[in-house]
Amino acid sequence: MTDAPVHPPIIVGAGPAGVRAAETLVAAGLRPLVIDEAARWGGQIYRQPPEGFQRPKRALYGFEAGKADALHRAMADILPAVDYRPRSLVWNVENSALDVARDGRSETVPFSHLILAPGATDRVLPFPGWTTPGVFTLGGSQVALKFQGCAVGSRVLFLGTGPLLYLVAYQYAKAGATVAGVLDTSGFADQARAVPGMLRDPATFAKGVYYVGWLRAHGVPVHSGVRPVRIEGADRVEALVWRRNGREQRTACDAVAFGLGLRPETQLADLAGCRFRFDAMDRAWVPERSAAGRTSVAGVYVAGDSAGIAGADAAEMAGERAALALLEDLGRPVDSTRAALLEQNLAASARFRRALTDAFPFPTDWAAAVPDDTPVCRCEEVSAGTLRKAARDGEAAEINRLKALTRVGMGRCQGRMCGAAAAEILSQALGTGPDAVGRLRGQPPVKPLPFSAGILDKEAAP
Amino acid sequence: MPLLQRVAETSRRAVPFVLDGRPCEALEGDTILTALLTNGEQLRRSEFSGQPRAGFCLMGACQDCWVRLEDGRRLRACSNFIEPGMHVVTGAQPGAQP
Ligand SMILES: Cc1cc2nc3c(=O)[nH]c(=O)nc-3n(C[C@H](O)[C@H](O)[C@H](O)COP(=O)(O)OP(=O)(O)OC[C@H]3O[C@@H](n4cnc5c(N)ncnc54)[C@H](O)[C@@H]3O)c2cc1C
Ligand code: FES
């Protein structure tokens with residue numbers, strides 16, 4: 001056996017990818033540092049409610065309760081063997097060290113080997129009224145239910161596309177909330193075309209069919225091929241006006257749960273110096289990685305949705321595979337049959353993912369239809385018109401230039417909520433594809449630090 | 001009517017707090033966002049347009065939910081828990097604008 005590394009390996013994120021990575025490293029006799037922003041492990045899909053909440057896992061995770069329980073137990077079992085840091089935000093990567101903020105203080109933690117598994121957030125595009133109280137992301141609406149036992153309104157309308165759209169609507173209805181409808185931006189034809197591909201994973205396909213069938217059977221209106229027109233209501237949502245086949249309709253509701261699939265959380269990989277590539281399927285820039293999860297930077301690995309959206313099962317496999325790669329790179333013996341099997345299964349899930357993208361395509365016509373006065377940036381309220389003007393004037397041929405000129409992507413969210421829209425609007429104005437306008441660069445802190453930065457005492461790790 | 005509706009987990013212990021000077025009740029384990037939006041309709045006003053905001057992502061990504069405590073601290077409402085006796089200022093009431 002080789003010597004233990006100078007620094008313990010670090011895993012960022014305690015979701016499906018991070019937990020399986022940690023488990024694999026512990027099994028090899030290492031003591032990884034697991035840093036997670038959340039108060040409890042589980043990540044997004046298997047997010048645990050705060051201590052003292054009582055719903056059983058079956059109620060929280062439905063068909064996925066068994067997997068949730070297995071993942072929660074896996075982490076509980078290795079807790080004594082990991083240095084687990086919950087409620088800790090990694091806000092910078094620089095000179096082979098992480099800056100980690102916890103309880104208003106920050107420390108610098110050096111690393112030699114780093115697995116990044118920070119997951120994803122909802123992908124959104126702007127539409128008139130989308131900043132009105134009562135419009136929440138789809139994932140956020142699920143967080144309210146799973147993590148807080150709340151519905152985001154008393155009559156909730158679901159808008160967007162992707163498997164989560166139907167899942168969360170179903171979870172709301174099951175929990176006793178009123179679902180005003182499900183408005184899918186993708187068309188029926190998209191879904192029909194994708195059926196053969198989705199049958200690669202019959203269990204997942206069957207669950208999707210079940211949710212849609214259940215919603216319809218319970219009288220929930222489900223429409224496809226929808227585009228939003230505007231939210232009605234000044235200080236809170238009163239209705240959504242939407243369009244289908246050229247005809248406008250209005251649905252009264254007091255909340256809208258909205259999402260167009262997910263976008264990978266890539267800022268940390270960017271700050272770590274990883275090379276990126278444009279992924280046509282995610283319609284986003286993602287870190288380059290090998291099948292094992294190695295990035296272009298030695299000692300830095302990516303796993304799970306942050307490396308490209310692939311779902312929770314794939315995240316578990318990718319986490320384990322990345323940890324095996326890390327062990328290989330430390331010169332430790334690893335089970336190569338296991339590694340090959342994981343890669344094979346990951347390739348299969350990528351093929352299924354492709355079918356999902358066909359079934360729930362990104363609405364490429366949406367951005368062009370956003371009126372000039374609609375804010376694209378929620379943080380600083382930069383409008384679509386401002387972006388179009390900068391592009392038309394020929395001053396911004398690239399997204400970071402657009403950012404410098406208009407401040408889009410410069411606000412507190414660092415482009416998480418406006419980045420996709422800014423790229424779409426710029427590329428449309430320039431008559432190119434979103435891959436041709438470059439990518440927004442990550443900047444520290446990747447999320448604003450609590451209190452003010454001045455209060456933070458930055459101290460070196462012992 | 002409050003924005004958020006409780007549909008489960010209602011037998012938790014009550015947590016008293018103060019919202020724009022008004023005594024309110026939340027439940028133990030509520031985030032500040034849940035505490036505020038089960039008692040009201042918004043978290044803050046945009047410093048640009050003055051329009052009300054009530055959070056968006058609920059997972060620490062959008063930064064829409066920053067609130068101010070009376071002691072001057074600023075917190076992300078979706079990712080911090082309510083504590084007994086907290087005084088939160090949303091600017092919803094005229095004159096309470098930060
Ligand atoms: C809100 C939401 C709900 C979802 N619900 C479902 C569902 O019900 N069913 C389903 O099939 N799929 C769901 N998905 C998709 C699902 O997230 C993924 O398939 C799966 O959770 C990915 O696992 P992961 O380990 O890659 O990342 P995640 O599970 O997202 O875990 C990432 C972890 O990293 C932490 N983190 C992120 N950034 C930092 C940082 N800078 N510093 C420290 N920690 C950080 C996060 O707090 C999180 O705990 C959901 C996605 C989202 C965003
Ligand atoms: S609601 Fe998005 S960061 Fe809190």
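Cys65(B) counts as buried, at 2% relative accessibility, where buried means under 20% relative accessible area, exposed over 50% and partly exposed in between, with a 1.4 Å probe and protein chains only. The model is predicted, so that local features need pLDDT of at least 70 and side-chain atom pairs count only at pLDDT 80 or more, while totals for chains, interfaces and linings use all residues. Residues are numbered from 1 along each chain as its sequence is written, chains are lettered from A and ligands numbered from 1 in the order in which they are written, and side-chain values use heavy atoms, with hydrogens and water left out.

A disulfide is a pair of cysteine sulfur atoms within 2.5 Å, and a search of the whole structure finds 0 of them over all chains. Cys150(A) is in no disulfide, and the nearest cysteine sulfur, that of Cys78(B), is 14 Å away. Cys150(A) is buried, with a relative accessible area of 0%.

The aromatic residues come next. Rings of Phe, Tyr and Trp (its six-membered ring) pair if their centres lie within 6.5 Å; planes under 30 degrees apart count as stacked, over 60 as edge-to-face and the rest as tilted. Over all chains, 16 aromatic pairs are found. Trp41(A) and Tyr84(A) form an edge-to-face pair, 5.7 Å centre to centre with 75° between the planes. Trp41(A) lies in the loop between β2 (33-35) and α2 (57-61) of chain A and Tyr84(A) in strand β3 (residues 83-85), so this pair ties together parts that are 43 residues apart in sequence. Here helices (H or I, at least four residues) and strands (E, at least two) are DSSP runs, numbered from the N terminus. Trp41(A) is buried at 14% relative accessible area, and Tyr84(A) is buried at 17%.

The rings of Phe258(A) and Trp366(A) are stacked, because their centres are 5.7 Å apart and their planes are at 20°. Phe258(A) belongs to strand β17 (residues 255-260) of chain A and Trp366(A) to the loop between α10 (336-359) and α11 (384-392), so the pair ties together parts that are 108 residues apart in sequence. Both Phe258(A) and Trp366(A) are buried. Ring pairs also link Phe63(A), Tyr170(A), Tyr210(A), Tyr211(A) and Trp214(A) into a cluster.

The charged end of Arg378(A) sits over the ring of Trp130(A), 4.8 Å from its centre, and Arg439(A) lies over the face of Phe276(A), at 4.1 Å from the ring centre.

Ligand 1 lies between chains A and B. It is surrounded by 31 residues, the closest being Ala17(A), Asp36(A), Gln44(A), Gln142(A) and Asp305(A); a residue is near if one of its heavy atoms lies within 4 Å. A polar side-chain atom of Gln142(A) lies 2.7 Å from an oxygen atom of ligand 1, and a polar backbone atom of Asp305(A) is 2.9 Å from an oxygen atom of the ligand.

A cis peptide bond joins Pro444(A) and Pro445(A), with omega about -10°. Leu58(B) has a positive phi of about 60° although it is not a glycine, and this residue is buried at 8% relative accessible area.

Notes. Lys NZ or Arg CZ within 6 Å of the ring centre and 35° of its normal. Polar contact = N/O pair within 3.5 Å; in protein donor to acceptor, adjacent residues only side chain to side chain.
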